[in-house]
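Welcome! Please take a moment to look over the model below, and then we can walk through a few parts of it together.

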Amino acid sequence: MRRINLALQGGGAHGAFTWGVLDRLLEEEDIEIAAISGTSAGALNGAALKSGWISGGREGARENLSWLWAQMGATEETEANAWMRAWLPDPWLVSQALQFAPGYIVADAIGRMASPYSWGPLYRNPLEKIVQKFDFGNICTDDGPELYICATNVRDGKVRVFANDRISTNVILASACLPTLFQAVEVEDPETGLIEAFWDGGYTGNPALFPLFAAHLPDDLVIININPMVRDSVPVTPAEIQNRINEISFNSSLLRELRAIEFVQRLLVSGTLPPGSMKQLRVHMIADDALMNALSEVTKQIPVPSVLQQLKEAGRRAAGRFLSDDGESLGVCQSADLRAMFA
């Protein structure tokens with residue numbers, strides 16, 4: 001049995017890519033998911049996976065993930081509509097069409113001038129009705145994969161990690177709370193016990209890796225990355241600039257933790273640290289930067305059914321490539337080249 005920990009990034013509707021990766025990994029009977037750390041869309045995916053796993057094992061997890069993304073707008077894949085896949089517009093074309101659509105431009109301009117608090121009693125978080133349908137009895141149990149959800153404390157700007165019975169509807173909403181779109185979510189701080197306001201966990205941990213360093217958890221850490229590390233072209237439009245700012249800020253916390261992991265690895269290999277003094281993680285990454293480079297902030301915010309389905313299929317393909325090329329490294333060696341990443 002190959003035991004792994006999962007780190008699930010946030011990225012709005014692009015989290016459908018993670019759905020596809022998880023859907024493919026769950027087909028592997030010899031892969032056991034020991035723990036999950038998730039932020040924003042990663043928190044939603046992680047909660048859906050665990051809840052389904054507790055109620056129905058691997059197939060239950062796959063079905064619950066499909067249910068979650070159906071709530072987001074994804075159409076169910078059936079034999080009747082499978083033929084349409086070849087005719088779906090390229091995700092890049094959809095992204096461009098939405099980005100320059102007059103309706104989106106007007107809505108975006110209004111959103112940049114108005115606060116989420118301007119709506120007064122009319123304000124509603126659109127995710128709330130979906131998250132309330134989760135089975136928190138399954139999510140909060142000690143059985144199945146351990147689940148850690150990250151959010152950012154607005155007052156002190158530090159990451160907070162929620163686990164076990166501390167996970168609730170508001171915790172998941174807090175983890176996915178972009179402050180330009182949603183009002184801050186108040187929840188009990190797990191460190192202080194005070195009711196605090198929280199924003200999206202991506203600002204401080206996208207996702208946080210340190211909960212997965214526990215000695216009882218496996219050494220293999222699989223990161224599902226949906227925010228591209230590298231963009232070759234310089235952003236020039238306001239939307240492109242804002243999107244790249246968000247990608248850089250949401251990747252910065254992950255990169256800091258990966259740099260620390262790589263530093264510890266070098267110290268252990270060189271003998272500077274004695275063997276066993278610190279955990280030596282094996283890091284693996286599943287991503288499709290080419291696809292994510294073709295998309296934009298618009299397809300993160302607007303869940304287009306055809307794009308969600310294409311993201312899922314891209315995630316399944318990326319997971320398939322990982323299993324084919326690097327699956328044998330699980331439990332043996334690291335497949336991500338962290339040294340090259342920070343060279």
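Is Phe 162 buried or exposed? Phe 162 has a relative accessibility of 1%, so it counts as buried (buried is under 20% relative accessible area, exposed over 50%, partly exposed in between, with a 1.4 Å probe and protein chains only). Before going on, note that this is a predicted model, where local features need pLDDT of at least 70, side-chain atom pairs count only at pLDDT 80 or more, and totals for chains, interfaces and linings use all residues. Residues are numbered from 1 along each chain as its sequence is written, and side-chain values use heavy atoms, with hydrogens and water left out.

Now to the aromatic rings. Rings of Phe, Tyr and Trp (its six-membered ring) pair if their centres lie within 6.5 Å; planes under 30 degrees apart count as stacked, over 60 as edge-to-face and the rest as tilted. The count by this rule is five aromatic pairs. One of them joins Phe 162 and Phe 198 edge-to-face, with 5.6 Å centre to centre and 75 degrees between the planes. This pair links distant parts of the chain, 36 residues apart: Phe 162 belongs to strand E4 (residues 159-163) and Phe 198 to strand E6 (residues 195-200). Helices (H or I, at least four residues) and strands (E, at least two) are DSSP runs, numbered from the N terminus. Phe 198 is buried too, at 0% relative accessible area. Elsewhere, Trp 67, Phe 134 and Phe 136 make up one aromatic cluster.

Finally, look at helix H1 (residues 15-25): 11 of its 11 residues are buried, so the rest of the structure largely encloses this helix. Among these buried residues are Phe 17, Trp 19 and Leu 22.
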